[in-house]
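Student: I have a model open and a list of labels for it. Can we test the labels one by one?

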Amino acid sequence: MDDEIKDNELLSTEEETTENNAHSSYKPSDKFDASAVHHLSGMYKNWFLDYASYVILERAVPHIEDGLKPVQRRILHSMKRMDDGRYNKVANIVGHTMQFHPHGDASIGDALVQMGQKYLLIDTQGNWGNILTGDRAAAPRYIEARLSKFALETVFNPKTTEWQASYDGRNKEPITLPVKFPLLLAQGAEGIAVGLSSKILPHNLNDICSAAISYLKGKDFSIYPDFPTGGSIDVSKYNDGQRGGALKVRAKIEKLDNKTLVIREVPFTKTASSLQESITKAIEKGKIKVRKVEDMTASEVEIQLHLTPGTSSDKTIDALYAFTDCEINISPNCCVIEDNKPGFLTVSDVLKYSVNHTKDLLQLELEIRKHELEEQLFYNSLERIFIEERIYKERKFETAKDIDEVVLFVDSKLEPFKNTFIREVTRDDIIRLLEIKMQRILKFNKDKADELIAKIKAEIAEIDKDLSEMVRVTIEWFKHLKEKYGKDHPRLTEIKSFDTIIAAKVVDANEKLYIDRQGGFIGTGLKKAEFVQNCSDLDDIIIFYRDGKYKIIRIADKVFVGKNVLHLQVFKKNDKRTIYNVVYKDGETNIHYIKRFNVTSMTRDKEYDLTTGTKGSRVVYFTANPNGEAEVIKVTLNPNLEKKKQNIFLERDFSQIAIKGRDAKGNILTKESVHRISLKSHGRSTLGGRKVWFDADINRVNYEEHGKYLGEFNDQDQILVILKDGTFYLSTFEATNHYEDNILRIEKFDAEKVWTAVVYDADNQGYAYLKRFQFEAIKRRQSYIGDNTDNELVLLTDTVYPRLQVTYGGADAVRSNEEIDAEQFVGVKGIKAKGKRLTTWEVKKIEELEPLRFPEEESARNNDENDDETNDNGALKGTASNHENLDPDAGKSQQQVIDEITGQLRLFNNTTDNETK
C-alpha cells in the first residue's frame with residue numbers, strides 16, 4: 001500500500017514537472033555554444049538607467065495630474081472597487097491592492113496608514129497611530145478604513161478615467177485618477193528616487209480653494225504650508241516651494257508661569273518623543289537650564305519644562321529655539337512627474353496646473369453628460385414617433401418576411417422626421433425600437449413624453465451654458481468644496497516672521513573662564529587659575545596685550561595666548577556700547593596718545609593693533625567700559641630737576657574724547673615723559689540711554705531701528721504692555737523678552753501718565769463705566785478693568801483731556817448723542833476703582849472725539865529742571881567733578897610727590913597751602 005502511494009506521488013510529481021516544462025520556454029544552453037555567450041559591457045549602464053527610470057516614475061515621485069504615487073493610486077482604486085459604504089479591514093484592502101501593486105504588503109500597508117493619518121481621503125476606524133507621539137498604528141487585522149465623502153466626490157469617475165493593464169495583465173488599473181482638486185498640495189508628498197528627491201509640503205484645503213478661485217479670477221495669490229502638527233512658520237525664504245528655498249518651523253511654547261514653560265505644538269516631522277529627546281540632550285550639554293521635563297502628551301501635545309531657580313523664561317524660550325528641535329529648517333523640493341518625466345516646479349505652478357486640469361475634467365464630464373442626454377433625447381423622439389404614428393400597426397410591418405424588411409419599412413416611415421433628429425438613424429436604433437414591449441406601448445402617454453423631452457432639452461441648454469462659461473463653473477466647484485468640507489479643515493499652522501536667534505546670545509553661561517598669567521594659558525579647564533568671568537562654550541574671547549596687540553579666539557578648555565595679557569573678556573559681536581578707554585605710548589616718538597574706541601566685528605585669530613604699530617609701543621592705561629563710561633585720569637609726569645618751577649600733574653576727562661574707530665591714532669595726551677597714570681574719579685556713561693524699538697511682526701523689542709520707536713531707556717526704565725483682554729504688566733527692555741500677540745498698547749512706562757477707560761461692568765448689569773487712573777509699577781500681570789472675566793473694555797486712551805460721544809440704541813435710539821468731557825466727569829483714582837457710570841440707557845456705541853483742550857507747554861518747567869541738573873561750575877550733576885576722589889596723591893603737595901619720585905628726603909616742610917594738592 002505504501003509503495004502504491006509512493007508511486008502515485010512520483011507519477012504526480014513527474015506529471016507536474018512535465019506540465020511546468022510545457023509552460024516554460026527556457027532550455028539550458030550548451031556552455032560550449034558561442035551564441036550563448038553574452039558580454040557584460042554596457043549591461044550595467046542600461047540596466048541601471050532602467051532601474052532609475054522605474055523608481056522615479058513608478059515608486060517615489062507623485063504625478064502632477066492626480067498628485068498620487070502609484071501605490072497610493074492603486075490603494076484608492078482598490079478601495080473604490082471594494083466600497084459598499086461600510087468599513088473594510090485594512091488587511092483586506094492590502095490584499096486586494098496586491099492585485100495591482102507588485103511590491104508586497106508592507107509597502108501597501110505603510111502607504112495606507114500614512115494616507116489615513118492625513119484625514120482627507122480615507123475615513124478611519126481603530127488605532128491608526130499618533131503623529132504627535134510617533135506611536136505606530138495597530139496591526140492591519142485590527143483597523144478598518146473606507147473612502148471619505150471628499151474622496152468619493154472629487155477623486156473617482158470611471159467615465160473620465162484612462163485605463164491600463166495591471167503588472168500581470170489580469171486586471172485593469174487607472175493610469176491616473178480624475179481628481180478634480182489640487183490633491184498634491186493638500187496631502188503633500190515625500191520620496192527619494194535615484195538621483196533626485198521630492199518633498200512637497202501639505203497645504204490647507206481652504207487656502208487651496210481660495211487660491212484656486214483667485215487664479216481663475218485672474219488675481220494674484222499666495223499659498224503657504226499648513227501642518228497637522230500645528231506650530232508656526234516663517235515663509236520669508238520659502239521660494240514658492242521650489243528647490244533652494246527654506247522654511248523655518250517652530251514649536252508653540254507658552255509660559256504657564258514664570259518658572260514653567262509648556263510646549264503645545266511641535267514642528268512638522270517631529271514628535272513629542274523626539275522633541276523631548278533633543279531637549280534632554282541640550283540640558284545635558286548645559287545649553288539650557290531646566291530641572292525637569294514632563295511629557296504629558298495624549299490627544300494634544302503638552303511638554304512641561306520646569307526651570308531652575310533664577311532662570312529667565314524668555315531667554316530659555318530663545319535657547320530652546322536655538323539648541324533643540326523646537327525650531328527646524330525644512331527644504332522643500334517640488335519635483336513631480338509631468339509628461340512621463342520628472343520636472344521641478346513651484347507650488348504656484350502645481351496649483352495652476354491642477355486648477356486647469358480640474359476645469360478640463362469638469363468640462364469633459366459636462367460633455368459626456370450632454371452626449372448622454374442627446375442620445376436619450378434622440379431615442380425618446382424615435383420612440384414617440386414610432387408609437388404615435390402607429391408604425392407597428394402598418395400592414396407591411398406585420399407581413400414583413402424578415403427583420404431586414406422590417407428595418408427598411410420602419411426607416412422609410414421615419415424619413416419625414418429625419419431632419420429633426422440630432423444624428424442619423426442606424427439599424428441598431430430601429431432594432432431597439434422593435435424591442436419595445438407591448439405593455440409600454442399601451443401605457444404610453446403623449447403629455448409625459450413631451451414633458452420628458454422638454455426637460456431633457458432644458459438640461460442640455462443648461463449644460464451648453466455651463467460649457468460656454470467654464471471659468472464660472474470651476475469657481476463654483478471650488479466654492480462648493482470649501483463650503484462643504486472647509487469647516488473640517490481649519491488652519492493649524494500660524495504664519496509669522498521669526499527673529500534670527502544668535503546662539504551665543506541665548507546660551508546659558510555654563511562655563512567659567514580662567515587665566516594662568518604665569519603660564520600664559522586661558523580656558524575653561526584651568527580650575528585653579530585666576531577666575532575671569534562666566535561664559536558659554538559658544539563664546540569668543542577678546543584678548544588685549546600690553547604691547548597694544550589684540551585678537552579674538554574661540555573659547556577652549558586650555559589654549560596658550562602668551563604671558564603679557566593686559567585684559568580679556570567675552571566678545572560680543574556688533575556691541576557698540578562697550579567702549580575701551582586707552583592711553584598708549586608711541587615707541588618711536590615717545591608721545592603718549594589717548595583714545596576711545598569700540599570693537600564691533602573682527603576676524604577670528606587675526607592680530608590687530610590699537611597703537612601706531614611702531615616698535616616699542618605699549619599700553620600705559622586701559623579700561624573696558626560696558627556702558628560707555630568715561631572716567632577722569634591723573635597723569636603724573638617725570639620731574640625735570642633742572643627746572644625750578646614746573647607742573648608735573650595733568651588731568652584728562654575721557655568724556656571729552658570722541659569715540660572713534662579702532663584704527664584711529666587718538667589725541668596727543670602729552671609729549672613729556674610720564675611717570676604714571678592713575679584713576680582720579682569714576683565717570684558716567686557718555687552714550688545716554690539705549691534707544692528701543694518694538695517690531696510688531698515678531699513681537700520683540702530691538703535696538704536696530706526695526707518697527708515702532710518706544711524711546712530712550714536708562715537702566716531703571718521699563719516697558720508698559722497693555723493687552724486687549726484688559727490686563728497689563730511691566731517688563732524690562734531686554735531684546736530677549738517675548739510678548740503676546742494680543743497687545744493693545746506698548747510704550748515706555750510713565751508713572752505720571754493718566755489713562756481713561758470705558759468698561760462694560762458685568763457685575764452691574766453690563767452698564768458702561770468711565771474711569772481715569774494711573775498704571776502701577778508692578779511687573780506681575782493684573783487687570784485694569786476689574787476682576788470679573790466677563791467685563792468688556794470699550795476703549796482706552798491716554799489723551800490728556802479726552803472727549804467721548806455716547807450713541808444710544810435699541811429702545812433708547814430716539815435719544816440724541818451725548819458728549820462727555822472725561823476729565824470733568826470723573827477724577828483720577830486707583831486702578832482698582834470701578835469708575836463712574838455713564839448712563840443706564842441702552843448704548844449702541846461709545847467712541848472718542850477729537851479733544852478741544854490741550855496741555856500747556858511745559859518748556860519753562862523743563863528748562864528749570866535742566867538748570868537744576870547743573871552745578872555752580874556749569875558741570876552736570878553726577879559727573880566726575882562730584883564723584884569720589886580716588887587721587888593717590890590726595891593731601892600731598894607737588895614737591896612731596898617730586899621728592900617721592902626722585903628719592904629726595906626733605907627735613908623741613910616748607911610747603912604752603914597753595915602747593916598742597
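This is a predicted model: local features need pLDDT of at least 70, side-chain atom pairs count only at pLDDT 80 or more; totals for chains, interfaces and linings use all residues.

Student: Start with salt bridges. How many does the structure hold?

Tutor: The structure holds 52 salt bridges.

Student: What makes glutamate 254 and arginine 264 a salt bridge?

Tutor: Their closest N and O atoms are 3.2 Å apart. The cut-off is 4 Å, from a side-chain nitrogen of Lys or Arg to a carboxyl oxygen of Asp or Glu. The pair therefore qualifies as a salt bridge.

Student: Which parts does that pair tie together?

Tutor: Glutamate 254 lies in strand E10 (residues 252-257), and arginine 264 lies in strand E11 (residues 260-265), so the bridge ties together parts ten residues apart in sequence.

Student: Why is glutamate 254 called partly exposed?

Tutor: Its relative accessibility is 29%. Buried means under 20%, exposed means over 50%, and partly exposed is in between. Glutamate 254 therefore counts as partly exposed. Arginine 264, with a relative accessible area of 30%, is also partly exposed.

Student: What makes arginine 781 and glutamate 740 a salt bridge?

Tutor: The N to O distance is 2.4 Å. The limit is 4 Å, so the pair counts as a salt bridge.

Student: Where do arginine 781 and glutamate 740 sit?

Tutor: Both are in loops, and the pair links distant parts of the chain, 41 residues apart. Arginine 781 is in the loop between strand E41 (767-773) and strand E42 (782-783). Glutamate 740 is in the loop between strand E38 (727-731) and strand E39 (743-748).

Student: Are these two residues buried, exposed or partly exposed?

Tutor: Arginine 781 has a relative accessible area of 42%, so it is partly exposed. Glutamate 740 has 23%, and the buried class needs under 20%, so glutamate 740 is partly exposed too.

Student: How do you know that aspartate 761 is buried?

Tutor: Its relative accessibility is 4%. Buried means under 20%, so aspartate 761 counts as buried.

Student: Which residue does aspartate 761 form a salt bridge with?

Tutor: The partner is lysine 834, with the closest N and O atoms 3.0 Å apart. Aspartate 761 is in strand E40 (residues 755-761), and lysine 834 is in the loop between strand E46 (828-829) and strand E47 (836-837). They are 73 residues apart, and the pair links distant parts of the chain. Lysine 834 has a relative accessible area of 45%, so it is partly exposed.

Student: Which residues do shared partners join into one network?

Tutor: Lys159, Arg369, Glu372 and Glu459.

Student: What makes asparagine 239 stand out?

Tutor: It has a positive phi of about 60° although it is not a glycine. Most residues other than glycine have a negative phi. Asparagine 239 lies in the loop between strand E8 (232-234) and strand E9 (247-250). At 40% relative accessibility, asparagine 239 counts as partly exposed.

Student: What is the phi of threonine 269?

Tutor: It is positive, about 80°, and threonine 269 is not a glycine. Threonine 269 lies in the loop between E11 and helix H9 (272-284). Its relative accessibility is 45%, so threonine 269 counts as partly exposed.

Student: Which residues form a nonpolar patch on the surface?

Tutor: Phe48, Leu49 and Tyr51, with about 300 Å² of accessible area together. Phenylalanine 48 lies in helix H2 (residues 43-60).

Student: Last one. Why is leucine 183 called buried?

Tutor: Its relative accessibility is 1%, and the limit is under 20%, so leucine 183 counts as buried. Leucine 183 is found in helix H7 (residues 183-187). Leucine 183 and serine 354 are 171 residues apart in sequence and 8.3 Å apart in space, C-alpha to C-alpha.

Definitions and conventions
Residues are numbered from 1 along each chain as its sequence is written. Side-chain values use heavy atoms; hydrogens and water are left out. Patches are made of residues with over 30% relative accessible area and no salt bridge: like charges are joined within 9 Å, nonpolar side chains (Val, Leu, Ile, Met, Phe, Trp, Tyr) within 5 Å. Accessible areas come from the Shrake-Rupley method with a 1.4 Å probe; for residues, only the protein chains shown count as cover. Helices (H or I, at least four residues) and strands (E, at least two) are DSSP runs, numbered from the N terminus. Buried means under 20% relative accessible area, exposed over 50%, partly exposed in between (1.4 Å probe, protein chains only).
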